[in-house]
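This report walks through selected features of one protein structure. It is meant for a reader who has not seen the structure before.

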Amino acid sequence: DFDLQEITTFDMLIDVQKLLGHRLSLDHLAQNTLNAKKSADGLVSLQWYKEGKIDQIVEYCKQDVEITRDLFLHGESQGYVKYTTRSGIAKELEVDWKASSLI
């Protein structure tokens with residue numbers, strides 16, 4: 001038996017929300033920081049499931065994990081991620097995502 005609640009977790013989007021006071025999507029952060037765009041969203045993947053397009057869901061999930069990894073590694077190594085304010089101003093958000101401080 002293994003209790004999953006014993007695993008230490010970290011959610012980048014929750015951390016960003018705490019720092020900014022509002023939510024930003026993974027896609028928003030990826031576009032501004034990595035110049036990478038997600039291929040779809042969760043709602044599209046639900047439609048694909050209904051249509052039996054499991055291969056597309058697998059590819060979407062793999063890409064989502066890659067973007068999440070790359071965004072985390074950027075924040076860890078550079079100490080910031082980029083975002084655009086509601087008024088359209090590009091900014092850097094300082095983050096402390098060093099693995100040693102998260103464990």
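## Helix α1 and what surrounds it

At the start of α1, the backbone nitrogen of leucine 13 has a side-chain oxygen of aspartate 11 within 2.9 Å. The model is a predicted one, and residue numbers run from 1 along the chain as its sequence is written.

Helix α1 covers residues 12-20, and Met12, Asp15 and Val16 are buried in it. Viewed down the axis of α1, these buried residues fall within an arc of 100°, so they line one face of the helix. The elements that cover them include α2 (26-34), α4 and β2 (90-94). Glycine 21 follows α1, and its phi is positive, near 90°.

## The nonpolar core

How many residues does the largest nonpolar core have? The number is 14, and the residues with the most contacts inside this core are Val16, Leu29, Leu71, Val81, Leu93 and Trp97. At least two residues of the core come from each of α1, α2, α4 and β1 (80-84).

Leucine 71 can be looked at on its own. With its neighbours within four places in sequence left aside, leucine 71 is in contact with Met12, Leu26, Leu29, Thr33, Leu34, Val81 and Trp97.

## Aromatic pairs

The count of aromatic pairs in the model comes to 4.

| Pair | Centre to centre | Angle between planes | Arrangement |
|---|---|---|---|
| Phenylalanine 10 and phenylalanine 72 | 6.3 Å | 65° | edge-to-face |
| Phenylalanine 10 and tryptophan 97 | 5.8 Å | 70° | edge-to-face |

Each pair links distant parts of the chain. In one, phenylalanine 10 lies in the segment before α1 and phenylalanine 72 in helix α4, 62 residues apart. In the other, the partner of phenylalanine 10 is tryptophan 97, in the loop between β2 and α5 (99-102), 87 residues apart. Phe10, Phe72 and Trp97 together form one aromatic cluster.

Is tryptophan 97 buried or exposed? Its relative accessibility is 0%, so tryptophan 97 counts as buried. Phenylalanine 10 has a relative accessibility of 33% and therefore counts as partly exposed.

## Histidine 74

Helix α4 spans residues 54-78, and histidine 74 is found in this helix. Histidine 74 has a relative accessible area of 18%, and because buried means under 20%, this residue is buried. A polar atom of the side chain of histidine 74 lies 3.0 Å from the backbone oxygen of tyrosine 80. Tyr80 is also among the residues that histidine 74 touches, together with Thr33, Leu34 and Gly79, when residues up to four places away in sequence are not counted.

## Asparagine 35

Asparagine 35 sits in the loop between α2 and α3 (42-50). What is the phi of asparagine 35? The value is near 55°, which is positive in a residue other than glycine. Asparagine 35 has a relative accessible area of 73%, so this residue is exposed.

Note on methods. Predicted model: local features only at pLDDT ≥ 70, side-chain atom pairs only at ≥ 80, totals over all residues. Heavy atoms only, no water. Helix = DSSP H or I, 4+ residues; strand = E, 2+ residues; numbered from the N terminus. Buried < 20%, exposed > 50% of the residue type's maximum accessible area, 1.4 Å probe, protein only. Polar contact = N/O pair within 3.5 Å; in protein donor to acceptor, adjacent residues only side chain to side chain. Contact = heavy atoms within 4.5 Å. Arc of directions from axis to C-beta. Core = buried A, V, L, I, M, F, W, Y, C linked by side-chain atoms within 4.5 Å. Phe/Tyr/Trp six-rings, centres within 6.5 Å; stacked < 30°, edge-to-face > 60°.
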